[in-house]
Amino acid sequence: MPFDPKSFLAKVSEGRWVGHYRKGQIIFSQGDAADAVYYIESGGVKVTVVSEQGKEAVVAILDSGEFFGEACLAGQVQRMETVIAMMETVIVRLEKAAILRLIRYEPAFSEMFIAHLIERMTRVESDLIDQLFNSSEKRLARLLLLLAHFGKDDTSEAVIARISQETLAEMIGTTRSRVSYFMNKFRRLGFIDYNGSIEVHSSLLNVIMHDQSKGRR
């Protein structure tokens with residue numbers, strides 16, 4: 001039976017707090033003290049950063065079942081990002097000391113959490129490679145597949161909650177007009193259905209695989 005972090009964390013009494021956030025509410029801001037790890041029980045959040053020049057960018061979209069704020073465990077003192085609820089969201093806050101106890105004394109939790117950290121690190125590395133070497137069309141296709149959790153839970157199609165084209169553009173480093181062009185192209189080719197929410201079909205993989213086959217020629 002797979003480990004269920006939601007049920008497990010519900011039994012934690014010390015150093016645990018549950019917060020209910022409305023759409024647009026800030027969980028923590030860039031520059032706040034980094035003293036806890038968060039678990040999304042339901043809902044979803046976006047992670048943003050602001051440069052010294054005041055430019056804001058969305059760097060991640062996270063939904064239920066995911067952790068964030070883990071950098072405090074590696075010695076981060078201040079938050080380097082802002083996390084905002086994208087909808088009605090329930091979040092479990094675990095103080096740094098509390099989660100360190102769980103990692104040390106609860107093997108099942110520790111194994112799950114380490115796997116999460118490895119997956120997150122791999123995702124960050126893949127994102128960097130994606131930005132450096134792939135076209136904006138391929139970056140958008142990959143992002144949509146990731147947001148739809150393609151390949152998880154044996155699903156071949158999934159619906160992504162409403163997300164603006166501006167946010168998608170920020171996440172792949174291009175303009176809204178380019179995103180609009182590619183979204184219309186994907187819909188015309190039958191890779192997605194798009195009417196506010198986005199239904200992603202497995203055929204969207206063709207965009208990525210086509211680029212890879214061209215690169216081997």
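This is a friendly dialogue on how to read some features of a predicted model.

Colleague: Where should I start?

Modeller: With the ground rules. This is a predicted model, where local features need pLDDT of at least 70, side-chain atom pairs count only at pLDDT 80 or more, and totals for chains, interfaces and linings use all residues. Residues are numbered from 1 along each chain as its sequence is written, and side-chain values use heavy atoms, with hydrogens and water left out.

Colleague: Which feature does UniProt place at residues 20–120?

Modeller: UniProt positions are given in the numbering used here, with shortened feature names, and annotations may be inferred rather than shown by experiment. In this case the unreviewed UniProt entry gives "domain: Cyclic nucleotide-binding" for residues 20–120. That span is 24% helix and 40% strand, and its end C-alpha atoms lie 25 Å apart. Helices (H or I, at least four residues) and strands (E, at least two) are DSSP runs, numbered from the N terminus.

Colleague: Is Thr 48 buried or exposed?

Modeller: Buried means under 20% relative accessible area, exposed means over 50%, and partly exposed is in between, using a 1.4 Å probe and protein chains only. Thr 48 counts as buried because its relative accessibility is 1%. You will find Thr 48 in strand 4 (residues 44–50). Contact means heavy atoms within 4.5 Å. Not counting residues up to four places away in sequence, Thr 48 touches Gln 30, Glu 56, Ala 57, Val 58, Glu 81, Thr 82 and Ile 84.

Colleague: And is Met 80 buried or exposed?

Modeller: Met 80 has a relative accessible area of 56%, so it is exposed. Its place is the loop between strand 6 (67–68) and strand 7 (82–85). With residues up to four places away in sequence not counted, Met 80 touches Gln 30 and Val 49. Met 80 and Val 49 are 31 residues apart in sequence, yet their C-alpha atoms are 7.1 Å apart in space.

Colleague: What about Thr 122: which class does its accessibility give?

Modeller: Thr 122 counts as partly exposed, at 39% relative accessibility. This residue lies in helix 3. From the C-alpha atom of Thr 122 to that of Asp 32, 90 residues apart along the chain, the separation is 26 Å.

Colleague: How do I read the way two helices cross? At roughly what angle do helix 3 and helix 4 cross?

Modeller: Axes are lines fitted to C-alpha atoms, for helices over the stretch in contact, and angles run from 0 to 180 degrees between N-to-C directions. Angles under 35 degrees count as roughly parallel, over 145 as roughly antiparallel, 65 to 115 as roughly perpendicular and the rest as oblique. Here the axes of helix 3 (residues 107–133) and helix 4 (residues 136–147) cross at roughly 160 degrees and come within 10 Å. The two are therefore roughly antiparallel to each other.

Colleague: Which residues of helix 3 and helix 4 meet?

Modeller: Helix 3 brings Arg 123, Ser 126, Asp 127, Asp 130 and Gln 131, which meet Arg 139, Arg 142, Leu 143 and Leu 146 of helix 4. For classes, Ala, Val, Leu, Ile, Met, Phe, Trp, Tyr, Cys and Pro count as nonpolar, Asp, Glu, Lys and Arg as charged, and the others, Gly among them, as polar. This contact has two nonpolar, two polar and five charged residues.

Colleague: How does helix 4 cross helix 6?

Modeller: The axes of helix 4 and helix 6 (residues 176–188) come within 10 Å and cross at roughly 65 degrees. That makes helix 4 roughly perpendicular to helix 6. Among the residues making the contact are Leu 140 and Leu 144 of helix 4 and Phe 182 and Phe 186 of helix 6. By class, the contact has seven nonpolar, one polar and three charged residues.

Colleague: How many residues of helix 5 are buried?

Modeller: Six of the eight residues in helix 5 (residues 165–172) are buried, and the helix is mostly covered. The buried ones are Gln 165, Thr 167, Leu 168, Ala 169, Met 171 and Ile 172. Their cover includes strand 5 (56–63), helix 3, helix 4, helix 6, strand 10 (192–195) and strand 11 (197–200). Just after helix 5, Gly 173 takes a positive phi of about 70 degrees.
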